[in-house]
Amino acid sequence: MSTVGTAAVILSLVAVAAPALAGDPEYGAYLASECFACHPKGQPVGPMPPLHLLPRDYIVQALREYRAGTRDNLAMSLVARNLSDEDIESLADYFQVMSAQLGGR
Amino acid sequence: MSLTTTRRQLLRTAAVVAPVWVAAPGVLRAQAKPRVVVVGGGPAGTTVAKYVARDSEGKVAVALVEPKESYTTCFYGNLYLGGQRTFDSITHNYVELVRKYGVAHYRDTAVAVDPATKKVRLASGRELAYDRLVVAPGIDIRYDSIDGYSEEAAAVMPHAWQAGEQTALLKAQLEAMEDGGLFILASPPNPYRCPPGPYERASMIAWYFKQHKPKSKILILDAKKQFSKQDLFLEGWNRHYPGMIEWVPEELGGTVEAVDPATMTVVAGGEKHKAAVANIVPAQRAGFIARAAGLANDSGWCPVEPGTFKSKLQPDIFVLGDAAIAADMPKSAFSANSQAKVVAMVIRHELTGSKLFEPRLRNTCWSSITDKDTVKIGANYRPTEAKLEAFDSFVSKVGESDELRAQTRAEADAWYDSIVQDIFA
Ligand SMILES: Cc1cc2nc3c(=O)[nH]c(=O)nc-3n(C[C@H](O)[C@H](O)[C@H](O)COP(=O)(O)OP(=O)(O)OC[C@H]3O[C@@H](n4cnc5c(N)ncnc54)[C@H](O)[C@@H]3O)c2cc1C
């Protein structure tokens, strides 16, 4: 087993947040990739609805409620507690664009 | 190091790399794309391949090396054993990955990696050159950790901890077993694939016995002192399967030392047990290619940088999923899929200059105790110098209502469909 010293520079690269996240569609897409572990992209099949089928305001409100604990689901609240206001807006924008592309709502 | 410096350095590096799939002379460099080779088409590797190919919009060539034409998931495999899912419903293929995202699927096995020349050698003799390599081979079973166990013994006493033939074999044995038989489940020492997996398996087999072979018993011989969601499983077993399941922890002689497939004997704590069906799940380590490539340490698992999943031992290689040391994250399909999105982002950043965001990592695992009593556990993780630290978590509570448990089952079923879509479609 060999340790590669020369690679240390590149290896020490730790992902860092780029500035000015609000309104950045790439950021919205990255955040939304988390949601697709549970929410389907196509037809509704169970308790996690496809998010592009929900109105923008509804998404924002639901996420705030899960985060605040006024609406509770252990799994979904865990997701929401990790979202800032800026994150919630970026996600809502993302699903709105997705909805327009897929002809969702 | 600032982001801009990194990018400039990477651009410089990228310019020197010979940009062809197979290192053949006479190909114009100007036409070349950076190449990503992914070894292993499980949740970890397949998600990386899909996300890099899709999000780089043709700017990166992605090859997936996976010998199998179709992939049967371990997750929901216990439900198949219990009779709640069909084999077909937990089997998926790579057709969409190739068709929709242009991933090249090599139905082959990686046998060697040369980090110096940046090439992967396949069993067929073909060589693939890479700019970034992703190694996600899952686990190997440590056959040598239990006396008398071997690949041949596994044809009689299956581990069924790598899905497909092994799971089907265990299912056939359970169906052939007479009512009143003893089913023995040997549960492995930490760390291993899917911490609650053995206990969900015992639950699902109890579910099958309760309906079809109610006089049968289940003996869990455990190499551990405690296990994941223990209170919830014990509550469920008392409630739904009273007297059927016995759990023997390590300190009471639970560790399986030896097996004899010829007589179906399992030896633990010096005591001999005779099984009608024996499911032996031994200790595990990273898949052989990870070890052959010099990516594993003495533990048999692969150390990685917590925020990026870059190997600590070899340059330009990422290891994720079950093969990686990602503690506190458990070895689960959910974790593998979550890690893959971070890895895909880092790789695209390095090869195409796309943006890098803070890694977001999560696990959520549902375990079914009956067909409508399901519990769950989950956590968020963030990289520190030393590890991936859990910073927020939940677990179902003992005594929850039947309604909530049934709802949790509906969630689990929906999760399965969504994650499989996120990985393979
Ligand atoms: C009974 C059971 C229940 C489980 N339940 C859950 C659950 O409910 N939720 C959950 O999240 N997780 C669950 N898991 C865990 C989950 O299955 C694993 O964590 C997950 O499969 C890991 O993904 P991976 O991609 O790292 O490895 P794998 O899924 O093992 O995929 C690795 C792939 O690499 C291929 N490969 C290996 N070596 C090579 C090579 N040299 N060249 C080319 N290809 C190679 C293999 O063929 C394989 O297809 C469960 C596991 C078990 C056993």
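User: Is B:R107 buried or exposed?

Analyst: B:R107 is exposed, because its relative accessible area is 53%. The words follow cut-offs: buried is under 20% relative accessible area, exposed is over 50%, and partly exposed is in between, with a 1.4 Å probe and protein chains only. Before we go on, this is a predicted model, where local features need pLDDT of at least 70, side-chain atom pairs count only at pLDDT 80 or more, and totals for chains, interfaces and linings use all residues. Residues are numbered from 1 along each chain as its sequence is written, chains are lettered from A and ligands numbered from 1 in the order in which they are written, and side-chain values use heavy atoms, with hydrogens and water left out.

User: Which residue forms a salt bridge with B:R107?

Analyst: A salt bridge is a side-chain nitrogen of Lys or Arg within 4 Å of a carboxyl oxygen of Asp or Glu. Here the partner is B:E69, with the closest N and O atoms 3.8 Å apart. This pair links distant parts of the chain, 38 residues apart: B:E69 is in the loop between strand 2 (61-65) and strand 3 (70-72) of chain B, and B:R107 is in the loop between strand 5 (104-106) and strand 6 (110-114) of chain B. Helices (H or I, at least four residues) and strands (E, at least two) are DSSP runs, numbered from the N terminus. B:E69 is exposed too, at a relative accessible area of 55%.

User: How many salt bridges are there over all chains?

Analyst: The search of the whole structure finds 36. One of them pairs B:D140 with B:R291, whose closest N and O atoms are 2.7 Å apart. B:D140 lies in strand 10 (residues 139-141) and B:R291 in helix 8 (residues 288-292) of chain B, so this pair ties together parts 151 residues apart in sequence. B:D140 is partly exposed at 21% relative accessibility, and B:R291 is partly exposed with a relative accessible area of 28%. Salt bridges can also share partners: B:K118, B:R132, B:K310, B:D316 and B:E350 are joined into one network that way.

User: How do I read an aromatic pair?

Analyst: A pair of aromatic rings is described by the distance of the centres and the angle of the planes. Rings of Phe, Tyr and Trp (its six-membered ring) pair if their centres lie within 6.5 Å; planes under 30 degrees apart count as stacked, over 60 as edge-to-face and the rest as tilted. There are 22 aromatic pairs over all chains. Take A:F36 and A:F95: they are edge-to-face, with 6.0 Å centre to centre and 75° between the planes. Their pair links distant parts of the chain, 59 residues apart, with A:F36 in the loop between helix 2 (25-35) and helix 3 (56-68) and A:F95 in helix 5 (residues 85-102) of chain A. A:F36 is buried, with a relative accessible area of 5%, and A:F95 is buried at 2%. For a tilted example, look at B:Y208 and B:F209, at 6.0 Å centre to centre and 45° between the planes.

User: How is the size of an interface given?

Analyst: The size of an interface is often given as the accessible area lost when the parts come together. Buried area is the accessible area (1.4 Å probe) that two parts lose on being put together, summed over both. Chain B and chain A bury about 4,200 Å² between them, 61% of it on carbon and sulfur atoms. In chain B, B:F357, B:R360 and B:R362 lose the most area to chain A, together 19% of what that side buries. Counting contacts (heavy atoms within 4.5 Å), chain B provides 57 residues and chain A 43 residues.

User: How many salt bridges does the rule find across this interface?

Analyst: Between chain B and chain A there are 6. Among them, A:D87 bridges to B:R360, with the closest N and O atoms 3.6 Å apart. Another pairs A:R81 with B:D392, at 2.7 Å between the closest N and O atoms. A:R81 is in the loop between helix 4 (74-80) and helix 5 of chain A and B:D392 is in strand 24 of chain B, so the pair joins two chains. A:R81 counts as partly exposed, at 38% relative accessibility.
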